[in-house]
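User: I would like to go through this model with you, starting with how one of its chains is organised. Could you take my questions one at a time?

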Amino acid sequence: MDVTKRKRELVEEFSPLMSKTTKTSKIWMIFLGIVILVGLYAFVLQFMKGHIVTGMRDNVVWGVYIINFIFFVCLSYSGAFIGGILHFFKTPWKNSVARIVEIITVLSLIIGPIFILLCIGRLDRLHYLFMYPRIQSPITWDIIAIMTDLIGCFIYLYLTFIPDFAILRDNSEKMPKWRQKTYKYLAIGYQDTTSQRERLHKITKTMSVMIIALAIIAYSVLAWIFSLTLQPGWNSSIFAPYFIIAGLYSGVAVIIISMYLIRKFYNLDHYIRKVHFIGAGVILLVMSLLYGYFTFSEYFARWFSHKTHDVNLLDTLFTRYFWEFIFANYIGILVPIVILFFKKFRTIKSITIAAIIAVLGLWLNRYLIVVPTLETPYLPIQDTREEFIHYSATWVEWSLSFAGVAAFILFFILIMKLVPIIPMSGIIDNERNGKNLKEKRTNNSN
Amino acid sequence: MENNKTKKGSTNRRNFLKLGLMSSVTAVAGTSIVSSLAAQEEPTESTGEKVRLLTPDGKMVEVDATNINKYPDAHVSPAESRKGIPNKKFVMVIDLARCKNARKCVESCQKAHHLDYNEEFMKVQLIQDNEEGSPYWFPKPCFHCDEPPCVTVCPTGATFKRDDGIVLVDNDRCIGCKFCVTSCPYSARQFNWGHKDKFDDKSQPYSPETSIPATEGTVMKCDFCPDLLRQGKLPHCAKACPMGVIYFGDKNEDIVTNGEETVRFSELIKERGGYRHLEHLGTKPNVYYLPAVDRQFPLERGFNVDEDIIERYKDVPYVQDLKKQGKI
Amino acid sequence: MKTYFTKFSIIAILIGLFVSTNSIAQNDEVKSYKFLYKFNTTKQEDNSRLLEVSFIAQHKKDRKNKVPVFEAEINFYNTTDEDDILLGTVKTDKDGFARLILPESQSYITDIDDYINIKAVFEKTEAIKSYKRSVAIKDIFFDLQLKEIDSVKTAIFKAFTLDSLKIQVPAPEMDVVFSVGGMISKMPIEEATVEDGEYEFEFPTDIRGDAKGNVDVFVFLEDHDDFGNVIHKKNINWGTSLKQNVISENTLWSEAAPLWMYIVLTILLLGVWANYIYSIIHLFKIKKEGKELELATEIEIENNQE
């Protein structure tokens, strides 16, 4: 196998995906742009008028923004966790999904903190967090964790990009000048020599171990923001593991959905195959069982020991939030289990539907963690204003949420224009290893 | 001859009338000038608080009340406010047996801190611990806990606990993350959600000890009125209570007073069975409650308030009973 | 007659126009108030005498509507058989109080029974009639001794007046309150009926006092017919050992965090950032190698071309 020739073939295969924009893609991007612009308008409105335009009031002071923050950050951490673990698998099929996972990791870690910034009352004083930090506060830990993790994930993503940038740089005669320049600059002189390759593999390996550890620590810190308080419903000892499991569950689900969309819109049937979906589906099944187990433990203990404030909280969950609770904790768990358990039901489409249900269920689960506790404090809320008793998000909050999702998708599409979504270097590595393996076998049999 | 006399007489009369007219005009003009001067005596920049006074001439005038905060002599900057009043450990005792929901504590606190109708640093709740239990009016300020969960979670140190036990909020440093609001188990904190005109009041610079003027996007709460404590006066709520429900004092001195009675703090707690709310949470609050036994008057007296305030208590079983019986 | 009548009516109309309607209305207002005029006297801790008048208007119908009279001139006189000696003039403040403090050295002229007669007069004005109240008081002396007798803290109290020969005469029976001073108010520790001008009691052993252990002990005589109000004060270091405020440091809620938090955070951050720097160093090495390779291939190409 001539490596150079193979590289050229791969570039020719993937470059139309990067440079051409189909009509549907254009329309889609314009639509996303509009959603983002509406979100920007909502942000400016909130910045000028203050948080009174949101639905948050004196008792439920954390709403949709924090929920989105937790959700996106959990995507990121689960992506980091899965990406790190995937790195240790030497199987060929991991290559197709590895980059998708990495990109999800970094993008959601950029979008997530934007939501927490929306929740802060005085954005003009943000620098006080760095001038007067208090190290006893879980928020300080969270800031340090997110910043460290963002840099780490970014470095890790870049490390995986370098070989592909090198391939693109070497085979970019047909591409516009700015692309050639970018690839040359970003490839930092990687020539795919053995020593360079080994060095890159070494640092990628240590980085992937670090990423796994960081993901677990950083997400536990986020869970501790809730579980280190005294509030009923939050002060639980298993919050950190619960958040990690729920995070992994939603992360795998989002990976499945993005695999499906990319495979469909970029015609990558050859690379993203049913086996990927089945593999991810099995992981989703395991995660949903674990998630169901943790959720059950949480609520069962509370219901059984029926402390007054726990009973009040469960009352709120089962009366006001009944349908959300059913969807998040019954449908969101049982439907994916049913779909994924039986081999008959495991088709690509059904697995994706299971993933969508899982994602929605998990978002609602976050909502049910944050809001009902704030609506049932220790001392009863005795107020007459409806917005101070119950929380209902306003259009500002919803539009900013959708803008966040739209930004996530848009940035994903833009990155896919820069670098092929299936790592070419990975394909070449697999083929090279496969050839080596074949040679070894023939040598052994000889 | 006769003409001269009448002429002189008429001139005299006219002169007299003229004099009378002139004097009355001057008198009236004089008093109006004096009264307008009296009204303009105070400088035009005001804090808005006016008192009605009667002048010796029988005119009702409105003048600015003396600034209770004694600004500018006694202004305490945010940095200085982090050190407490030395050798003090403030404590409050609330006598639930006497509270009849007069809400004078709420109103005087709102007036002193420039709060709107629905913003209450001191809340009065109606608590019924269980179905058989007797409901009681529950005035609830910030408890200024000795192990405050709100101070622990503040990422910038905008809320702090001083050596004299008071927990204050520095609105110049608060970034509005609302973590402290979610972590207080007694729901004692409030947030300024939008801009209000009163935030632009520049008549006195901001001090965490007065909590005036508040800022948009920051947290505020009961501050135990340290500006009054420095002058040796009771906080507004304790002073305003007509029933003497709120005792305030210094644990180090072991003396608390409600304005009329001054008693030993340790004796009061021991003899009347004083307790702290939600003690098991480990926050160690500095507001003690005396149980609602041997009440001074029936609970129904407390329903003599506005409709919308009674609406607040609609979830209390006792109020629901009253409604069924048609009493309110 | 007609001209006089016209002139008179014109002048009356003019007067009517000039007289502001306000003042007429206000005179009506004043009429609907009745006035509370009170006068009392207090002999203070430093033996000065405070003369206090409170002058407040109370609405006749709405009893809770009370308005203080502001800047009303009150004259205080020491009345004697011959004439009134002016002691001082004070204007009422925004609370309606007029206070005059006369020093210890102030001399008064007593009457036959050794009473000092003081009267406070408000001269009448257009709107308000004159008010005056008088009190007749005798000068009384309090003496509080705080001694430890047989290791028991005791307070010995004496009250006496001086007759014309400057001989101490024990004060008649009266009720006094002994208090200790606190930050905001004074706490009573003993209420006593002083007979024959003497009283002794055991000082409580658990009075905290201030930070240094000093206690202010007060004696209050309130509203006595013969003596008015009297306050006497004495300071003694009988406060019990004070617990200094335990200022907790390095806790979750203090400015400085527990030490282990700093240590753990430093270790974690150092570990992570060391890894990042390690990766970046190796990236630079890759770049260097690539550059060298590029130069080598360029030289080779040049050589081949030659």
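**Domains and a hairpin**

Analyst: In this predicted model, the C-alpha centres of domain 1 of chain C and domain 2 of chain C are 28 Å apart.

User: Which residues belong to domain 1 and domain 2 of chain C?

Analyst: Domain 1 of chain C covers 30-137, and domain 2 covers 141-236.

User: How many residues of domain 1 of chain C are in contact with domain 2, and what area is buried between them?

Analyst: In chain C, 10 residues of domain 1 are in contact with 13 residues of domain 2. The area buried between these two domains is about 880 Å², and carbon and sulfur atoms give 44% of that area.

User: How many salt bridges and polar contacts are there across that interface?

Analyst: Between domain 1 and domain 2 of chain C there are zero salt bridges, while six residue pairs are in polar contact.

User: Which strand gives the most to the domain 1 side?

Analyst: Strand E1 (33-43) of chain C and strand E8 (131-137) of chain C each supply at least two residues of the side that touches domain 2. E1(C) gives the most, with four residues. By type, the residues of that side of domain 1 of chain C are three nonpolar, four polar and three charged.

User: Changing topic to chain B: how do strands E1 and E2 run?

Analyst: Strand E1 (residues 50-54) and strand E2 (residues 60-64) of chain B run antiparallel and are joined by five bridges. B:Leu53 stands opposite B:Val61 in E2(B).

User: What lies between E1(B) and E2(B)?

Analyst: Five residues lie between E1(B) and E2(B), which form a hairpin. In the turn, B:Gly58 has a positive phi of about 90°.

Technical notes
Residues are numbered from 1 along each chain as its sequence is written. Chains are lettered from A and ligands numbered from 1 in the order in which they are written. This is a predicted model: local features need pLDDT of at least 70, side-chain atom pairs count only at pLDDT 80 or more; totals for chains, interfaces and linings use all residues. Side-chain values use heavy atoms; hydrogens and water are left out. Domain bounds come from an automatic or database domain assignment. Contact means heavy atoms within 4.5 Å. Buried area is the accessible area (1.4 Å probe) that two parts lose on being put together, summed over both. A salt bridge is a side-chain nitrogen of Lys or Arg within 4 Å of a carboxyl oxygen of Asp or Glu. A polar contact is a pair of N or O atoms within 3.5 Å; within protein, one must be able to donate a hydrogen and the other to accept it, and residues adjacent in sequence count only if both atoms are side-chain atoms. Ala, Val, Leu, Ile, Met, Phe, Trp, Tyr, Cys and Pro count as nonpolar, Asp, Glu, Lys and Arg as charged, and the others, Gly among them, as polar. Two strands pair if DSSP finds at least two bridges between them.
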